[in-house]
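Please read them with the structure open.

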Number of protein chains: 2
Amino acid sequence: MTLRRTFKREGEEARRAALIDATLDCIAEGGPQAATVRAIALKAGVTPGLIKHYFDTKEDLVAAAHETLMTRLTEASAAALDDLPADPIARLAGFIANAVTPPVVDPRAMALWAASMQLVPRDTAMRDVHEATYLAFRDRLEGMIVDALRTAGKPHDKPATRALAIAGNALLDGLWIEASVLPDQFAQGEMRTIAIRAFARLLDLKLPE
Amino acid sequence: MTLRRTFKREGEEARRAALIDATLDCIAEGGPQAATVRAIALKAGVTPGLIKHYFDTKEDLVAAAHETLMTRLTEASAAALDDLPADPIARLAGFIANAVTPPVVDPRAMALWAASMQLVPRDTAMRDVHEATYLAFRDRLEGMIVDALRTAGKPHDKPATRALAIAGNALLDGLWIEASVLPDQFAQGEMRTIAIRAFARLLDLKLPE
DNA sequence: GCAGCAATTATTCAAGTGTATAATTTCAGC
DNA sequence: GCTGAAATTATACACTTGAATAATTGCTGC
């Protein structure tokens, strides 16, 4: 006569996805230490034991969650590219503006990013993921910089564009962090203007604001 | 006949400092979750109970540790300023180079910074500390930019220098992060050159490399 | 419908957590 | 040297953690 919790069977992929999403939510809200098996299970609407059924260990679940996070960030960036104009210069400007305004600028994403950054120095798997993600983003930026410079009839030799991509990437990262963490410090649209003008000076190029 | 651990009485300030240092070490090595009272006490060469004697709660100790960290970073930056040349342009170049090379670039500092970044979105006290630190650094950078522009006979109206300081700060932050976390990606001295050339273009100024 | 298998829940356990309290030891002042 | 107060250690406790196992339930194929 003990009343047991009623449940529904979901597919494996759905349950894994739900558990991963719940893990990311927990980390975003309370940091890694808040992502306990019980909290994750509660948020996923499931019992803690089920985690063991889909992931051998909690560490495996966290690793899967981080991989999902990185993939999503990359995909979001790639998806935004499709909506950008074809003209290389306008395209670069749109890409820059996109990187420093919502929804890319987002406190939750920032918290998740900080959590993963913390693991990178002492977890080789995490470092590999970070390195690959970093280089992919930077290479994409470098490609757009080269296209824009070529369109404007400016020189674009390899060592110079590499340096510009590294600096440009760093600039976007820094602006993204501060805009995400201290939104009240910047006026509406200010980040966008600052980023585009800074890139214009960096590349010695007129960029449409 | 139970043999008790022998100990020496240290002053209050020495013990508090030792506990704070031990806390920072633990966080740097294994993240916040590794900073348990037992691990901290062990690293400080002390018994866990003593923590309670100097800090009402572990949370208090962690807060004190973060405040110490921020203060140290600020002081380190200020100390380096004294060794810079008096000429505003050379001074700015030295400041930039300093920010993207060791010992400022440091995986341990980076890990600690990421740990505190993670707390900022959901802890108002941490956000206040971060905001104050960020603005102090940025204002100092803006002052140096203004001095350099004035020396070069360039215009330096307020809204423009604010934007340049925000962008310059973001650039230094981003380069510092990547240099700290992926040191193998950059050649010896490469970051320094990239940073100074990027600033030269940003400010339309010749900077000594 | 029903048999059986896999998904899910419930329960348990050992280890680790922060904190509170009691027992000792150090050391300064006389 | 002694004494007493404060610093430090030792011990205990209640709670949370991740994981392992047993019990049950939902569902698919016949």
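1. The surface near DNA strand C, in this predicted model, comprises seven nonpolar, six polar and 12 charged residues. Here a residue is near a strand if one of its heavy atoms lies within 4 Å of it. In this classification Ala, Val, Leu, Ile, Met, Phe, Trp, Tyr, Cys and Pro count as nonpolar, Asp, Glu, Lys and Arg as charged, and the others, Gly among them, as polar. Of the 25 residues around DNA strand C, those that come nearest are Arg9(A), Arg15(A), Tyr54(A), Arg9(B) and Thr57(B). Of the atoms of DNA strand C that come within 4 Å of the protein, 70% belong to sugar and phosphate.

2. Both chains contribute secondary-structure elements to this surface: α3 (48–54) of chain A and α2 (37–44) of chain B each supply at least two residues near DNA strand C. The largest share, four residues, is that of α3(A). Helices (H or I, at least four residues) and strands (E, at least two) are DSSP runs, numbered from the N terminus.

3. A base oxygen of DNA strand C is 2.4 Å from an N or O atom in the side chain of Arg9(B).

4. Which residues come nearest to DNA strand D? Of the 25 residues around DNA strand D, they are Arg9(A), Arg9(B), Arg15(B), Thr47(B) and Tyr54(B). Sugar or phosphate accounts for 68% of the atoms of DNA strand D within 4 Å of the protein, and bases for the rest. By class, the surface near DNA strand D has seven nonpolar, six polar and 12 charged residues.

5. The individual contacts to DNA strand D involve side chains and backbone. The side chain of Lys52(A) places an N or O atom 2.7 Å from a phosphate oxygen, and that of Arg4(B) places one 2.8 Å from a base oxygen. For Lys8(B), a backbone N or O atom lies 3.4 Å from a phosphate oxygen of DNA strand D. The most, four residues, are given by α3(B).

6. The interface between the two protein chains takes 46 residues from chain A and 46 residues from chain B, contact meaning heavy atoms within 4.5 Å. The area buried between them is about 3700 Å², with carbon and sulfur atoms giving 65%; buried area is the accessible area (1.4 Å probe) that two parts lose on being put together, summed over both. Gln118(A), Gln185(A) and Arg201(A) supply 15% of the area that chain A buries against chain B, more than any other three residues.

7. Across this interface there are 10 residue pairs in polar contact (both at pLDDT 80 or more) and two salt bridges. A salt bridge is a side-chain nitrogen of Lys or Arg within 4 Å of a carboxyl oxygen of Asp or Glu. One of them joins Glu190(B) to Arg162(A), with the closest N and O atoms 2.8 Å apart. On the side of chain A that touches chain B, α1 (12–30), α6 (107–119), α7 (124–151), α8 (158–181) and α9 (190–203) each supply at least two residues. Among these, α8(A) gives the most, with 13 residues. That side has 28 nonpolar, seven polar and 11 charged residues.

8. How are the two chains related? Chain A superposes on chain B by a rotation of 180° with 0.0 Å of shift along the axis (RMSD 0.0 Å), which is the relation of a two-fold axis. Copies are superposed by least squares on the C-alpha atoms of residues with pLDDT of at least 70 in both. Of the residues of chain A, Leu171(A) comes closest to the rotation axis, at 2.1 Å (C-alpha). The same surface serves both copies, as 100% of the contact residues of chain A recur in chain B.

9. On conventions, residues are numbered from 1 along each chain as its sequence is written, while chains are lettered from A and ligands numbered from 1 in the order in which they are written. In this predicted model local features need pLDDT of at least 70, side-chain atom pairs count only at pLDDT 80 or more, and totals for chains, interfaces and linings use all residues; side-chain values use heavy atoms, with hydrogens and water left out.

Conventions
A polar contact is a pair of N or O atoms within 3.5 Å; within protein, one must be able to donate a hydrogen and the other to accept it, and residues adjacent in sequence count only if both atoms are side-chain atoms.
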